[in-house]
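Keep the sequence and the structure side by side while reading.

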Amino acid sequence: MVDKNSEFSITFCGAAGEVTGSRHLIKTGGLLLLLDCGMFQGHRVESIEKNKKFLFKPGDIDAILLSHGHIDHCGALPMIYRREGNPPVYCTPATKEICSIMLMDSARLQEADAKFFNKIHARKSIKIEPLYEEKDAHAAIENLKSAEYNETLIFNETVSARFLDAGHVLGSSMIQIDARTSAGTRRLLYTGDLGRRKSLLMNPPSPPPGADWLVIESTYGSRIHDSAEDARNRLFEIIKRAVREKGKILIPSFALERTQEIIFVLDNLRHRSDFPDIPIYLDSPMAVSITKIFNRYSRSPCFDAEFRKYAEIDNDPFGFEYVKFVHSKEESQSLNDRPGSMIIISASGMLEGGRVLHHLRNNIANENTTVLLVGYQAEGALGRRLQDGVKKVKIFGIEHEVFCRVETLNVFSSHADKEDIIAFITGLNPAPKKIFLVHGDNHSRSALTEELKSRGFQNIMLPELGQTYNLIE
Ligand SMILES: [Zn+2]
């Protein structure tokens, strides 16, 4: 079991060789600090098993530091409280607001999905249980405590932490841990998910401080993203085609950031004189709530200067006047009966649950439907299988043939690409003693390792699940 007296060490309890389930355990100064408490996502059965296994006792955790509100970084928090843990959770004020919405939605979604699955399979003996319920999400939310960027959190006389703007999504942060050890003060910098040098909405990551140990994401360690202008043009072409064919465009979208980016790009396109008349629906109560948070923060310095300038001229960058916010289940279902072209933005982004599955089920056989994938699709997820071109998929356990078009736009990533990551690492002064690559599959991690080695960086670690590294040298 965990030795709290270990002077300074890190154990990788998730997102080691894959992109979901970020959970990194820091032991120092007699404390156990958990950096992120994310949900594993992907194929249902597999991810349920992985989510159930914590590699530590929830009751032993002294505090949790949360990088941002995406479910693969915060979604397993309620399980800590369901299993008798009671630690405080520190995050930025925007993350606190976003995370509260995400966790309640996640609890409701799991309860509803389990109920629906069990109903469909009532005759078979297959039964699934939600990982947690609303009461557990409430318990987690009650423990959220906000800290501003750059504020120093002092845990005891030897350990402190700070949040720095990661530029990934609203409220996102890197986490810096300073620990006084027998070998002197040592600093670990965990990037969480790292933003791009130039994104659609957010600032670039804060100029990094030097660190002894760097734990950095590597989701796109082998890829360069498309330019925003290409994406605008392609999206415009897809919209024009849908209008011509009277087809629907179904955009499975993550409620946080991706949805607001899509709406913002649609807002840009609406300024073109030849933009066709097409209704836009945002069919995700969670995405609606988060879009409202974005609107409230739209003048805040966490958005980049270009966006803030745009928002001064167009005071409705998130489409409150023309995007139809769908609230009730009945309104959502009524979209199926509505003829003609339309854009439906709905969660979840990897088609692993939520209302988007009902829209997919109803439109997958129509060759004029376009499923537009705008986010990362984890291996095993339904969105990934569609992206890979499979011709038959199961939705709620029932097989459907795929006749609709499936298209992908890569620009909407709010993750650093290979060049952004390299620029970030080369900007660290002094260079870190060790670099741990997390939150990336093994292909991305190896490609990034080669690239970094060719630039003179040595000591690049590809931690495996459950592996512990000593951080005193
Ligand atoms: Zn994220």
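## An exposed serine

Serine 227 counts as exposed, because 12 C-beta neighbours lie inside 10 Å and the cut-off for exposed is 12 or fewer. The model is a predicted one. Serine 227 sits in the loop between β11 and α6 (228-245). Lysine 145 is 82 residues away from serine 227 in sequence. In space, the two are 37 Å apart, C-alpha to C-alpha.

## The seven-stranded sheet

β11 also belongs to an open sheet of 7 strands. The order is β7-β8-β9-β10-β11-β20-β21, and the pairing is mixed. β7 (152-154) and β21 (460-461) are the edge strands, each pairing on one side only.

Look next at β11 (residues 213-217) and β20 (residues 434-438). These strands pair in the parallel sense, over 5 bridges. Opposite leucine 214 stands isoleucine 435 of β20. Helix α14 packs on this sheet and touches β20 and β21. The direction of α14 makes about 155 degrees with that of β20.

| Pair | Residues | Angle | Axis distance |
|---|---|---|---|
| α13 and α14 | 418-426 and 442-454 | roughly 45 degrees | within 11 Å |
| α4 and α5 | 93-120 and 134-142 | about 165 degrees | 8 Å |
| α7 and α8 | 258-270 and 285-297 | about 70 degrees | 9 Å |

Start with α13 and α14. Their axes cross at roughly 45 degrees, so the two helices are oblique to each other. α13 passes α14 in a right-handed crossing. From α13, the contact uses Lys418, Ile421, Ile422 and Ile425. From α14 come Leu448, Glu451 and Leu452. By class, this contact of α13 with α14 has 5 nonpolar and 2 charged residues, with no polar ones.

Now take α4 and α5. How are these two helices oriented to each other? They are roughly antiparallel, because their angle of about 165 degrees falls in the range over 145. α4 passes α5 in a right-handed crossing. On the α4 side, the contact residues are Ser100, Leu103, Met104, Ser106, Ala107 and Arg108. They meet Glu134, Asp136, Ala137, Ala140 and Ile141 in α5. The contact of α4 with α5 has 6 nonpolar, 2 polar and 3 charged residues.

Thr259, Gln260 and Ile263 of α7 make the contact with Ala287, Thr291 and Phe294 of α8. The contact of α7 with α8 divides into 3 nonpolar and 3 polar residues, with no charged ones.

β16 spans residues 370-373. Which of its residues point one way, and which the other way? Thr370 and Leu372 point one way, while Val371 and Leu373 point the other way. All four are buried. In a regular strand, side chains alternate between the two faces of the sheet.

β16 pairs with β12 (residues 248-252) in the parallel sense, over 2 bridges. There, threonine 370 is the bridge partner of isoleucine 249. β16 is also joined to β19 (residues 405-408) by 4 bridges, and these two strands run parallel. In that pairing, valine 371 has valine 406 of β19 as its bridge partner.

Key:
Residues numbered from 1 in each chain as written. Predicted model: local features only at pLDDT ≥ 70, side-chain atom pairs only at ≥ 80, totals over all residues. Axes fitted to C-alpha atoms, helices over the stretch in contact; angles between N-to-C directions. Parallel < 35°, antiparallel > 145°, perpendicular 65-115°, else oblique. Left-handed = near helix turned anticlockwise from the far one by under 90°. Contact = placed C-beta atoms within 7 Å. Nonpolar A, V, L, I, M, F, W, Y, C, P; charged D, E, K, R; others polar. Pairing = 2+ DSSP bridges. Buried ≥ 20, exposed ≤ 12 C-beta atoms within 10 Å, placed from the backbone.
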